[in-house]
Structure formats: structure tokens, C-alpha cells
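Here is a protein chain to get to know. Please look at the sequence and the structure before reading on.

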Amino acid sequence: MPRSMNPMDFVGAFEHLTRVYQQARKLAVGDTGLSEEQMSVLTEATRRPGSPLGAVASALSMSASAAAKVVRDLVKKGLLKDEPEVVEPTEQGQQIGTRAMEELWSGFASALGGAGAIANAVAGLINTAASA
């Protein structure tokens with residue numbers, strides 16, 4: 001039976017996961033020339049092509065106006081299609097978004113010791129939160 005975490009253990013584990021995720025995220029953005037916000041919108045569009053702008057904004061905890069500005073910037077870069085109210089990647093946008101998600105997952109998994117370590121870390125956090 002796994003030992004239970006006290007709240008400070010939980011906070012420390014969560015902060016560690018967050019730091020590792022942010023580092024992997026920066027590596028995924030890499031030399032694309034995109035900001036982290038732009039990459040967030042592009043990867044969300046890659047995961048859920050054709051989503052309404054409001055759904056993308058909500059998923060990323062962005063205001064609708066901030067998301068709309070990022071979408072306009074990505075349309076100008078040729079990474080999103082110019083479609084009203086829907087977020088749809090172009091072929092180039094799909095390629096960049098997919099590669100970024102793969103690099104993010106790979107970097108995150110590697111930093112934590114593999115996919116199994118991620119699953120164990122998340123399960124530990126969930127179990128701790130559920131027992132609190």
C-alpha cells in the first residue's frame with residue numbers, strides 16, 4: 001500500500017511536475033519562432049481541429065479576445081486556416097503542432113524517467129487529492 005502524502009508532499013510533487021512540464025514545453029517550442037501562447041493554440045487546434053474559438057480559449061484558460069488575437073497571428077503565419085469562429089490548422093500547422101506535442105511528451109517523459117513514472121506520479125497526486 002503506498003504511503004500517503006502530507007499536503008506539503010503533494011504541493012512539492014505538483015510543483016516538480018509543473019516545472020518539468022514547463023521545461024519540456026520550452027524545448028517543444030524550440031526554434032519555431034512561435035510564442036508559448038501561439039504554440040498552445042496551435043497544439044490545441046492540432047488535437048481538436050475544427051473546434052470553436054471559444055472552446056479553444058476555454059481549454060487554454062484564455063480570454064476569447066486573447067485567443068482570437070493569437071489565432072489571427074497564426075493565420076498570418078499560415079499555420080491556421082482563415083475560418084470564422086473555428087480553429088483549424090493548415091497542413092504546415094498540423095505538422096508543427098504534432099511535432100511539438102511529440103517533443104513535449106518525449107521531454108516530459110524523459111525528465112520524469114519514462115511514461116510509467118508519469119503515470120505513477122499522476123496517480124499518486126490523484127490518490128493524495130482524493131484522500132484529503
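Predicted model: local features only at pLDDT ≥ 70, side-chain atom pairs only at ≥ 80, totals over all residues.

Q: How many helices and strands does the chain have, and what counts as one?
A: Helices are DSSP runs of H or I with at least four residues, strands are runs of E with at least two, and both are numbered from the N terminus. By that rule the chain has six helices and two strands. Their order along the sequence is α-α-β-α-α-β-α-α.

Q: What makes a residue buried, and what share of the chain qualifies?
A: Buried means under 20% relative accessible area, exposed means over 50%, and partly exposed lies in between (1.4 Å probe, protein chains only). Of the 132 residues, 32% count as buried.

Q: What span does α2 reach, and what is expected?
A: The expected span is 1.5 Å times one less than the number of residues. Helix α2 (residues 36-47) has twelve residues and reaches 16 Å from its first C-alpha to its last. That is close to the 16 Å expected.

Q: Why is α2 described as largely enclosed by the rest of the structure?
A: Nine of its twelve residues are buried, so α2 is largely enclosed. Among the buried ones are Q38, M39, V41 and L42.

Q: Is S40 buried or exposed?
A: S40 has 14% relative accessibility, so it counts as buried. This residue is found in helix α2.

Q: Which residues does S40 contact, leaving aside its neighbours within four places in sequence?
A: Contact means heavy atoms within 4.5 Å. On those terms S40 is in contact with R25 and L60.

Q: What share of contacts in the chain joins residues at least 24 apart?
A: Among contacts between residues at least 6 apart in sequence, 59% join residues at least 24 apart.

Q: What makes a set of residues a nonpolar core, and which members touch the most others here?
A: A nonpolar core is a set of buried Ala, Val, Leu, Ile, Met, Phe, Trp, Tyr and Cys residues joined through side-chain atoms within 4.5 Å. The largest one has 19 residues, and L34, V41, L42, L74, L80 and V87 touch the most other members. Helices α2, α3, α4 and α5 (91-111) each supply at least two residues of this core. Helix α4 gives the most, with five residues.

Q: What does L42 touch, not counting residues up to four places away in sequence?
A: L42 touches L34, L74, L79, L80, G93, I96 and G97.

Q: Why is the pair E44 and R47 called a salt bridge?
A: A salt bridge needs a side-chain nitrogen of Lys or Arg within 4 Å of a carboxyl oxygen of Asp or Glu. The closest N and O atoms of E44 and R47 are 2.9 Å apart, so the pair qualifies. Both residues lie in helix α2, three residues apart, about one turn of the helix. E44 is buried at 5% relative accessibility, whereas R47 is partly exposed at 43%.

Q: How many salt bridges does the structure hold, and which are the others?
A: The structure holds three. E44 also meets R48, at 2.5 Å from N to O. D73 meets K69 at 3.1 Å, and both lie in helix α4, four residues apart.

Q: Which residues are linked in a network of salt bridges?
A: E44, R47 and R48 are linked in one.

Q: What makes the phi of S61 worth a look?
A: Most residues other than glycine have a negative phi. S61 is not a glycine, yet its phi is positive, about 55°. S61 lies in the loop between α3 (53-59) and α4 (64-76). Its relative accessible area is 71%, so S61 is exposed.

Q: Where is E85, and what is its phi?
A: E85 is found in the loop between α4 and β2 (86-87). Its phi is near 65°, a positive value in a residue other than glycine. At 60% relative accessibility, E85 counts as exposed.

Key. Residues numbered from 1 in each chain as written. Heavy atoms only, no water.
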